Structure formats: C-alpha cells, structure tokens
Amino acid sequence: MPRDFARKPMFLPAAGLTLGDSDGWLHGTTASAGDGGFGLPSAEPVCLLLIVLSLAVAMASVVLLLRQRRRAAHAEGGLEVQRQLLMQHYQDLSCHANDLILLSDGAGRIWEANQRALSRYGYTREQMLRMKLRDLGVFDPPEVVLGLPFEAMHRDSTGASFPVEVCVRTVVAADRQFRQSIILDLTERKRAEAAVRESSQRFQTLTDLAPSGIFQTSGSGDLLYANHLMQDLAGLKSERTTGQNWFGAVHPDDRAAVQMKWQTCLRKGEPLFAEFRYRLADGRETPVVCHAAPLRSAAGEAEGYIGVVSDVSRIRQAELSEQRSAEMVRTIVEGAPAGIVAVDLEDRVILWNSASETLLGWTSTEVMGQPVRGIPAEALEDRSWQWATVRAGGAVRGAEVARVRQDGQQGVYSLSAAPMRDAAGAITGMISILVDITEKKAAERALQDTTALLRMSQKMARLGSWRITFPTWPCAPSEETWEWSDETYWLLGVDPGEFSPSWDGFLNLVHPEDVEIVRQHSKTALERGGRYHIDHRVVRPDGSILDVREYAELDLDPEGRPHRMTGTIQDISSYRELEDQLIQAQKLDSVARLAGGVAHDFNNLLTVILGFSELLADPALPPEDVIHHGMAIRRAATRAEYLVRQLLAFGRKQVLAMKSTDLNRVIQDSERMLLAVLGEDAQLITRLRPNLPPIWADPSQIEQVLVNLAANARDAMPTGGRLTIETIAVDVESGDDPAPGRYLELKVTDTGTGIDEQAMSHLFEPFFTTKSQGQGVGLGLASVYGIVRQSQGAVRVQSKVGVGTSFQILLPLTTSEAATREPRYSPDRVPAQGKTVLVVDDEEGIRRVVAMALRRRGFQVLEAEHAEEALAVSGRYADSIDLLFTDVVLPGMNGQELAEVLRGIRPGIGVLLCSGYPRGSRLEASLDQDPIEYLQKPFTNADLLAKVDATLRRISA
C-alpha cells in the first residue's frame, strides 16, 4: 500500500524536445523532413511566430510542473517527520505496557502495534503494518463509545480465537486524529472465572445432595448459609435464608435448652452437639441431631458456627422397630410349635422355649445352663457332626435325629441348626429347631407299604395307571406332563429309562386299526369335559398284541377348563380268552339247538343247490331255465355265505377292516340285497340325511348288520309291512355306553309284531330265538351286537308289542377326511391282455373255476396243486408271470411262504392270497407290512376280477 499522499507529476514528452530544469530554456534544432523532425518554413513569418508562441507555452508548462513537484516533495518530507514524531511518542507510551496496544487511522489501517500485541497476535511488525483491524476478527461493535471498555473476540495468526477487553480513545498527532486501542487479553481471567463457577457449582451440588442439613451462622444464631435440606428442616424460605434465626423452627419445648447450650458452647469456643426436635411447616415433628464447629476470628474468639443437622427419625424408627422385632422374636420363639434350643460353645442350654418343654418334657428351669438332655448314646456321633458343621460356619437342615423324652419314650425328630454369632461375627453357639416327625415317619412307612401293595395289586391285576396334567388350556403337546405307573410301562412293553410318555408315543403303541377310535374318544372327553372307557388293542415293541381296556376321567379347573386327565389301562387279553372259553362252553350247551338250526338252514340250501344242479345236467333244458336254475343256485349259495358270516361274526373270528366309511353309501349299495331279504310283501323306505361325516367301521360288516336287521324285520312282519332306515348325526352328552361324543345314528324301524319284555332281556344272547324249532339259529341279533361293539359303537332298542321295533345303532365318527367313493369294478378295467396268472389251490374245483374265470377275461393261466408244483411250473415257464393267486393253506409250504420264495425268483410279481379261514394275527401283521391283496372265501367271479385288477394296478403303479 503506497505511503505518500502527494500527487506525482506527469510528464508529456514531445518529439524532438529535450526537457531541462525549470529555469532553463527550450533549445530547439531545425530538423529536416527527411530526419522525421519539424520543418520550419523560413519563408513565412506567421508560421515562425506560431512556432515561437508554442514553444513559449510549452516552456511555461514545464516550469509549472517542476514547481509543483518540489512543493509536493517538501510536503511529503513534513509528513514523514510527523510520522516519526508520532511513532516516537507512541513507542514511549506502549513499549513497556502489558496490554496489547494498536494505533489505527480512521480507515482502520494499523499504523503501529506494541511488542506485546505482536507476540499475542503472532505477526511481525512488517506484517502487522500491512493489515487492518478487521483482519484481527470482530473488533469494533457497530457503535463504539470512546473511553468505555467492551468485550470482543480476536483471532491470532493461527486462526484461533481468544477473548479480549477493548478500550478505544482518540489520539491527535501532526494535526491528524488516530485511534488508540488498548486491548486486555481475557483468556486467563475467563479460565479462572470458569474454574470459580465450576467450584461454586460443585460445592452447591454437594451441599444440595448431602443427606444432612448444612448451615453457617453468626454468633447470634442468624443464618449466613443453609442448603436446601436445612431450609426444609428449619422451615426457611430460600429467597431470604440469610439473616433468619437458626432457632426459629426448634420445637418450643426444646428451644430454651438448645439456646442455652448454644450460648455456653459459643462462649467457651467448644463444638456444639445437641439432639432436639424440629417442628416442620406442615406441623409434623421430627427428631434431629446437630453437630457444629465454631468459626473463630483473627483473635481466636468464636464468632459463629458451621455444622450439619441430621434427621434421625428413621434411626429412631429403626431402633423402635428393632425393639419390636426383638419382642416379636421372643413371642415367636415362645409361641412356635417347634422346639427351639440354643446352646453355647460348651453345649450348655441358653434358650429353651415352651415347645421344647412340650416335646421333650423338661422345663426351662431344669435345663438352663445344663448340657442338652435326651440325646441317646447312638446319636452322639451325629451330635459331633452337627457341631463340626456349625463351627465351620455351615448349617444343618432337616437331619433326622433320635431323642429320648423325660418319660423314656424315644421319638424321631427333624433337626435344623445354624451358628449364633456376636457383633464381630464370631461364632458363640448353636441354635437348633426340633420338629417331631415320629407320626410322619410312621405314616411314610404306611404309605410305602400301601404303595408297594398297590404296585403289587396292579401287577397281579395287570392294571396300569396314568395321568396327564395340562398347565394351561389349550396347550401344546410338548407342555403336557405325562405320568405312568411302573405297571403301565411293563404292560405296554417299554423301558421307563428309554421311553418318555407322550400322546404320540402312546398312539404309536395302539393297533393301527384302533388309533382313530382312541383319538376320537379322547378328543370328545377333552371337548365335553367327561369320561370314557374303551376297549382296543396295543402292539408291543416285540410284536405281541394285547387287548386292553381303558377308563379315563377328566378333572376341570375352577373356570371349567381341562386341568388333569386320570385313567387306567388293563390287559384284558386273558379275559378275552376266558370270554371265548365261556362262549365256547355256552355253545357246547347250545350245540343241540345250533346243530338243529344250522342243519335245517344248510340242508335247505344244499337241497336247492343239489336240485337245481341236477336240473342243469339235463341237456334238453331250455336256455331260459338254465339261467333261472343258475340264479337259484347263486341265491342259495349267497344265503349260505351270510350264514357263515353270521357264525364268524358271532364268534368274533373275523378281523374288521376298519376304515373311513360313508354310511349313506353303504345303505344305498345294499338296497337291492335288502329288498331281496324282505320279500315282495314288505316296503323299504330310506331317509338319509345328506352330507354326513364319515364313520370308522368295516363297510362289509355294516352290510351284515343291515341284512341281519332286515331278516329280523321280515320274520316280525309275516304278512308284510314297512322297514324304514334313517341316518342322522347325534351328540351324546353323557354316559358310559357309548362315551360322550358325536356319532352317526343308524335307525332301523319295522312295523312288525314287536318284542315283549321277556324276549327283550335276552335279545342279543347267542342262540336265543323266538322262532319255532328249525326256523333259525338265533345268531342274527347276536352278530349285530358283536359287530357294533367291535366298531366301538352301541345298540339301543325300543319296541312295543303290536306296533313295531326300532334299533338305534350309534357308530363313532372318524376325524379323517370324508370317505372317498371307490369306483365300482368293471370287467373292462381288468388289463388282461398279455398277462399271465399262476393259480395255486389244492381244491381242484376252486382252481378250475378261478382259471376259467380268468381265461374268459383273456388271461394266460398256469395251474398248480401245491407250492412245490407251482415252483416247478414257474421254473419251466420261460415268459414273465405277472400274478400269483394262491390259497393260504396248502399242503407243505403255505401260500405266504410260496409268495416269498417266488418273489425272490421273479421280482415284481404280484401276489393275491385267498383263504376260507378268517385272517389270523400272523396274516394280519404280514398284510400290514407287505402290499399283498387278500380275498376271503367264498367269493364271486366279480370279486375275483376286482382283486386281480387291484393287484395288477398296484404293481404297475
């Protein structure tokens, strides 16, 4: 930035002119045109005059410019002198000052700065004199009052800001005004002020948080300081604490004594300790303790106090509570039903409560200070162990000890002991609690004996018990608690250490055909809050099958929700065997009636079959008669088949093929057969409720029930009548037979003669019949009852003589999806083309009729009489054999064994077993594990082809 204020002269050179000093003259030379100068025309005077005048003006201008330059140089020299004088004056004033001093002009340009300013701002003198005040930060406020200090923030050369206090005044030098800024660096003062504020705030926080009142007073007791708690205790107002008297809130009854003690201690210069009461602003009284130290003057005289006041109301309450607790402990000890005895380290009695007197017989007067009495010799070792435990700082809990009473009777006691300690924690003795458990131990022994007897009884009766507890309802299966008795584990053949009872685990042990009915009964009991009993089978891990009977009852909580289910499970296999033996014995007693009835029926059927067979042998018989005679033979054979089924169902020798069944479908499929049974004089009416849920039953056995009831109705309506079959879903609310739940009701009502009371009492007994000798064997209703009971259902009968009879059969529902409708068999479905069947049966007639039926449908048929021949035929036959049809019972190797051998030789061959005997347990297990079809004899050609179709489709799937 330029420092001179004089305007510099301007020079205007002219071509061909040389400027001299201000007193000189202009010297010109004539220049020719060829030189590039001015050519002066000498021939014309006017032109010469003009040139002379121009030179004169130019010379005058030069002289004027030179004079102005000398004047400006003189003025600049004066300013420099003034500046030097001003700087000398400024340096004299500020070179030794501790403040920062800056000198600036009206434009804010810095003219000078002392050394202190240069050091604080961090600039050199040359740098500072090129700066303005605004370069140092916010310096002057919008309006500066000269002479009055103000605070601002400045910046040093690093850009860091620091607080300053600035005082500005005007300085006149060389007739010019300057501003002198005296700057005080406030950094240390601000830091010190912050430290003071922090210390003050810390002191205020500590006193406000102190659990006691803190105060300072003058000698007269006027408060100079009081924290918030002191203000609250003394009832002071915070806005005018200073000057209030310390004694104002002291209880009037205590005030005089406190003032006297205050004056005495102040006069002697002693610390003050006083306990008195404060009366609070709300009128409550609180005890306080005051500790204060004297404040002394320079001469050492006490002139006031500083101290603390503590609210001791809680301490006093604690002391009172401790007194009450001690009294309560004494009351409890004396009133306790258990004996409480305390002894010192020498095992001498120091406490003997009333219950100890009652339990052992000695009074406290007799035992206080004496060794403990009543310890038999055999218990001394236990006593030593108890002392060793207590001396080690441990405790004895629930130890069974023997004690002898004063009267000589010995009892069993539960002893708990712990060490007694003094204030320093040292063990000073032992305190023990005695509870008489003599009767309890006797009861435990009795309970153990009873439990052992119960366990033995359960084992002898093959009866197990179980319990399921539900913590909430509903709850997940994993939240249920299952408890099984030992006999339950043994009964079901599982190891308690390896098997954990659960719903899924139990169902895995139930026979697959009975799982659905077990699940349904349990679900119904849980939903309706009732009980149930059910007979079913279980399959033990070793493969053996047991018949069991379960009883269960549900307990509800106060809100009516399931809480616990308790039940029993009993092995009734032996009862079943006894029942079969009883039935067999009854059959022996009734063999005469049975033989007569069966012989009558079979003789009639055989007469029909033999008679029409002889007629069929007549070669001249017309074709229509052939058909008629064949149908008659078929009807007789069908009736014989139903008679056999009745015998098997009655004897419970048939295994039901339980599955999800559409009851309406079974009835609809049986209508034609029922019409044939009823005859032409009777009318059949069906009222089937649509969209009924499926039942869990064997469809063929339900057909048998319908046929038997239809036959019974036919006999009750000799002159014709009406048989009505109805279906409807019903709810059983209570009862044991059947268990509460939802069922389908099959109602069969006839308009026959009815049943009297005497016959009603024997209605379902085997071989009981009201028909004349030779008119029936009395198995129809007995078979109905047996089938329904095996299906876990129930039968109810209502009858009125002369009006008719109604059978109500309740069948349990299944929880599975609705029964699927199996497509009816059609001969067109049988894939016979190119298929070969090996037929094995030791009965030639059966073998021939099966072979003929298969050949008529296009099968290639191979025949064998027994298993060895079948293997030989298979060995000679080079092509594939698609199906083995074999009787189960064969001479030598049976049909199942033949199937196993043949499937090993020809993998993928289908197997169809048939038998005239009912399916036994071994065959049942085999069919459950192996995809083998089974055909029960007798069977029709349609039944045969349907099974063949099913078998071939299964192996090709």
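Q: How far from the centre of the ring of F162 does the charged end of R120 sit?
A: This is a predicted model, where local features need pLDDT of at least 70 and side-chain atom pairs count only at pLDDT 80 or more, while totals for chains, interfaces and linings use all residues. Residues are numbered from 1 along each chain as its sequence is written, and side-chain values use heavy atoms, with hydrogens and water left out. A charge sits over a ring if NZ of Lys or CZ of Arg is within 6 Å of the ring centre and within 35 degrees of the ring normal. R120 does that with F162, and the distance to the ring centre is 3.7 Å.

Q: What kind of aromatic pair do Y121 and F162 form?
A: Rings of Phe, Tyr and Trp (its six-membered ring) pair if their centres lie within 6.5 Å; planes under 30 degrees apart count as stacked, over 60 as edge-to-face and the rest as tilted. Y121 and F162 have 5.9 Å centre to centre and 50° between the planes, which makes the pair tilted.

Q: How many residues apart in sequence are the parts that Y121 and F162 tie together?
A: Helices (H or I, at least four residues) and strands (E, at least two) are DSSP runs, numbered from the N terminus. Y121 belongs to helix 2 (residues 115-121) and F162 to strand 5 (residues 161-173), so the parts tied together are apart by 41 residues.

Q: Is F162 buried or exposed?
A: Buried means under 20% relative accessible area, exposed over 50%, partly exposed in between (1.4 Å probe, protein chains only). F162 has 2% relative accessibility, so the label is buried.

Q: Where in the structure is F499, the partner of W484?
A: W484 and F499 form a stacked pair, 5.5 Å centre to centre with 25° between the planes. W484 lies in strand 18 (residues 481-484), and F499 is in the loop between helix 12 (486-492) and helix 13 (503-509).

Q: Which residue is 3.8 Å from G307, C-alpha to C-alpha?
A: G307 is in strand 11 (residues 302-311). Leaving out residues up to four places away in sequence, G307 touches G213, I214, F215, H291 and A292, where contact means heavy atoms within 4.5 Å. The residue at 3.8 Å, 15 residues away in sequence, is A292.

Q: Which strands are the edge strands of the open sheet of five strands?
A: The strand order is 23-25-26-28-27, with mixed pairing; two strands pair if DSSP finds at least two bridges between them. Those pairing on one side only are strand 23 (682-688) and strand 27 (794-800).
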